Structures are given as C-alpha cells and as structure tokens.
2 protein chains.
Amino acid sequence: MRADAQRNLDRVIGAACECFAEGGVDVSVDDVARRAGVGHGTVFRRFPTKEALLDAVLAKELDRMVLLAQAGLTEDDAWRGFAGFFRAAAEGYACNRALLEAKDRCRELPQMPLLQKAADKLVGRAQKAGALRRDMTAEEIFELVPAASRFPDVILDGLRG
Amino acid sequence: MRADAQRNLDRVIGAACECFAEGGVDVSVDDVARRAGVGHGTVFRRFPTKEALLDAVLAKELDRMVLLAQAGLTEDDAWRGFAGFFRAAAEGYACNRALLEAKDRCRELPQMPLLQKAADKLVGRAQKAGALRRDMTAEEIFELVPAASRFPDVILDGLRG
DNA sequence: TCTGAAACGGACTGAGCCGTCCGGTTACAG
DNA sequence: CTGTAACCGGACGGCTCAGTCCGTTTCAGA
C-alpha cells in the first residue's frame, strides 16, 4: 500500500472514531471526511458503505473491551475483576455514543464471541465466590453496562451477591 | 372545529404516539400520516413542524408521568411510593423510544417543573425515612430511570439507603 | 528523471425527507 | 337543497446525504 494511502486510511479511521463517538451513528460521511482532511470519495474507496466504516470503528472499540475483560480475569479477587471490567466498559459507553446507538450491530461483529466468553468467565467466577447475585445470567448483567455509564457504583451495589 | 377535522387530529396524534414510541424520533412525518390514514399535508396543517408534533406526543407522555408521580405521593410508605413511580417511569421509557431519544427536548416542556416537583418530594420523603441513599440528588436519581427500563429491581436495590 | 499505476477529491446522481401550496372535496348552516 | 367556508391530500421545491465516476495529482521503482 502506498504511503499516502496508508496515511489517509489512518486519518479516516481516527476521524471516524472521534465523529461517531461524539455525534453518534448519524454523523455524515462528509463530516468524517472533512475531519480527516480528505474528500469523501477517499472514504468510500476504503469502506464500500458507511456501515462498513462504522463497523471498523466499533470493531476497534470491541477489541479494547476484550482486552479489558481479559485483564479482569487476571485479577485475583473475583469481585474486583468483574467490577473493574464493568466500570471500564460503562465508561467506554459513556464516551462513545455510537457504541450505544449501534448496540445491535455490535452483536454481529466477529470479536463478540470472544468478549462474551471472557465476560461469562468474569461473571461465573464472581458468582461462585458469592460476590455477585446469582439470579441473573451474564448476558442480562451486561445489558446493564450502558445503563451504568452514569452512576456505575449504584448499579454495582445492586448487583452484589 | 369541524367534526372531520377533529377526527383526523385525533388519528394523527394517536398514530404519532405509536410511531415515535416504536421507531424513535427519526420516523418520518409521512410514516405517521400513512398510519393515521391521512395525507401528510394534513399533519402539517395541525402541527407547523415535525418538532411540534413530537412535542405534542412527549407532552402527553409527561402528563401521564406527572399523574404517576402524584399517585406515588399518596402512598403511605415512602419507599413504596418512590419505588412504584420509579418502576412505572422506567417501564414508560422501555415502551417508548422517543422518550429516550428526545430527553433533552422533554426538559423544555411546560409540564417538566410539575414533574420535577413531585419527583423531588418522592425522593425527599424516602430519603428522610432512611429508605433511599442520601448521597445522590433527586435529579441524579432520576437520571437512572431510562437505565432502569431493563432490570429496575437491580437499580432499586442499589438505591436503597 | 521519467513513467505508469495507484490514489485523490469534487462533481454528479438518486433517494428520502421536511415543509408549502393550491385545486378539488366535504361538512354543515340556513 | 345549496352555498360557502373549512378541510383535505398529493404534487412540488429545496435540502441533505449515501454512493459513483472520472479527470487530475502523487508516489515509487527503474
């Protein structure tokens, strides 16, 4: 790939991350292109549709989440491991409108199974330790993550076992 | 007002309620008109802009919330009064995408002060009774309402004093 | 330096939407 | 029954946005 192409691709992805995070999924491709300092034709050459561009941004964010979840598993204390990830994920949602608005789309992304697996382990461990309420599945518990973007500690209090 | 005009106005408001609740604020005026069985010119004669139509729908929903809050105040038990309203409000958000997406717009509506006043009383009473945590203001507590649309009891657990 | 392939970006198209307008229709009073 | 004022709805204009296309520019290897 030519150097200028790579540079522009990086700029586009960076701009798209910022734009979607700040303005949600309805930000126009032109806005992204403007922020990246390229014409919007350039954006469409790299990403065949706006949706593909959004997917790239979401995938990047999910990658980060997977790392956070796996880091939580290395924590000795089961509750601290779970709560740390929960808080971090909640903050991720708080800083990124697109993540919230495109929740459904996220479910289709390839890194989702990985994230789910790590999240299951975090929840299972904390439940087995008696630190986390047992009347909810992992999936249900993580439905609360977007909700927790504002006052995570209140929700975590409600989740204690 | 002529009888047919009144009938169409009712239909339009009803259709708008359903459309905005199901599809959020981005539903087109044409969709509302189609569901109401009128041309979209008829909608714009009653409501000068789409925003005005949305306001009418939101106002209707807020009116319902005010009644719910005032009903909560008649409850003897302070916690039950608060929690009942909290749950009902959360369900209102769960059944109505527009309420969530147009949160900011709701704040500008004339019935908001009334709702706020009733909500303040509910919270104050429950806090004074020691049933509700005291480290959050009423406003902060009700920021959690949309979040609670999924698992209200978990959030209520977290809110107990 | 030279050259051709790759990349760029802005003009263009078509679709969807908001809001206007006017010719035709309908309800209702007399 | 009839005249008319109110009402209806679809055609239309202007706008924004996604996605395409092609003339022009830039890069990188020979």
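Start at DNA strand D. Select α1, α2 (29-36) and α3 of chain A, then α1 and α3 of chain B: each supplies at least two residues of the surface near DNA strand D. Helices here (H or I, at least four residues) and strands (E, at least two) are DSSP runs, numbered from the N terminus. A residue is near a molecule or strand if its C-beta atom, placed from the backbone, lies within 6 Å of it.

Two notes before moving on. This is a predicted model, in which local features need pLDDT of at least 70 and side-chain atom pairs count only at pLDDT 80 or more, while totals for chains, interfaces and linings use all residues. Residues are numbered from 1 along each chain as its sequence is written, and chains are lettered from A and ligands numbered from 1 in the order in which they are written.

**Around the DNA**

Stay with DNA strand D. It is surrounded by 21 residues. Select the closest: A:Ala3, B:Asn8, B:Val38, B:Gly39 and B:Gly41. By class, the surface has seven nonpolar, seven polar and seven charged residues. Ala, Val, Leu, Ile, Met, Phe, Trp, Tyr, Cys and Pro count as nonpolar, Asp, Glu, Lys and Arg as charged, and the others, Gly among them, as polar.

Now switch to DNA strand C. Colour the helices that supply at least two residues each: α1 (3-23) and α3 (40-46) of chain A, with α1 (3-23), α2 (29-36) and α3 (40-46) of chain B. Which helix gives the most to this surface? It is α3(A), with four residues. The surface near DNA strand C divides into seven nonpolar, eight polar and seven charged residues.

Hide everything but chain A. Its secondary structure comes to ten helices and zero strands. Its C-alpha atoms fill a box of roughly 55 × 30 × 20 Å, taken along the principal axes.

Select α1(A) and helix α4 (residues 50-74) of chain A. They pack at an angle of about 80°, with their axes 10 Å apart. Axes are lines fitted to C-alpha atoms, for helices over the stretch in contact, and angles run from 0 to 180 degrees between N-to-C directions. The two helices are therefore roughly perpendicular to each other. Angles under 35 degrees count as roughly parallel, over 145 as roughly antiparallel, 65 to 115 as roughly perpendicular and the rest as oblique.

Show side chains at this contact. From α1(A) come A:Ile13, A:Ala16, A:Cys17 and A:Phe20; from α4(A), A:Leu53, A:Leu54, A:Ala56, A:Val57 and A:Lys60. Residues are in contact if their C-beta atoms, placed from the backbone, lie within 7 Å. The contact of α1(A) with α4(A) has eight nonpolar, no polar and one charged residues.

**Two helix pairs in chain B**

Bring up chain B. Select α1(B) and α2(B). Their packing angle is about 125°, and their axes are 8 Å apart. That makes α1(B) oblique to α2(B). The crossing is right-handed. A crossing is left-handed if the near helix is turned anticlockwise from the far one by less than a right angle, and right-handed if clockwise.

On α1(B), pick B:Arg11, B:Val12, B:Ala15, B:Ala16, B:Glu18 and B:Cys19; they meet B:Asp31, B:Val32, B:Arg35 and B:Ala36 in α2(B). By class, this contact has six nonpolar, no polar and four charged residues.

Next, select helix α5 (residues 78-94) and helix α8 (residues 112-128) of chain B. Their axes come within 8 Å and cross at roughly 140°. That makes α5(B) oblique to α8(B). Left-handed or right-handed? The crossing of α5(B) and α8(B) is left-handed. B:Ala78, B:Trp79, B:Gly81, B:Phe82 and B:Phe85 of α5(B) meet B:Leu122, B:Val123, B:Arg125 and B:Ala126 of α8(B). Seven of these residues are nonpolar, one is polar and one is charged.

**Where the chains meet**

Show both chains again. Eleven residues of chain B are in contact with eleven residues of chain A. On the chain B side, select α9 (138-143) and α10 (152-159), which each supply at least two residues. α10(B) gives the most, with five. By class, this side of chain B has six nonpolar, one polar and four charged residues.

Finish with the symmetry. A rotation of 179° with 0.1 Å of shift along its axis superposes chain B on chain A (RMSD 0.1 Å). Copies are superposed by least squares on the C-alpha atoms of residues with pLDDT of at least 70 in both. The two copies are thus related as by a two-fold rotation axis. Centre on B:Gly158: in chain B, its C-alpha is the nearest to the axis, 1.9 Å from it. The same surface serves both copies, as 100% of the contact residues of chain B recur in chain A.

Note on methods. Contact = placed C-beta atoms within 7 Å.
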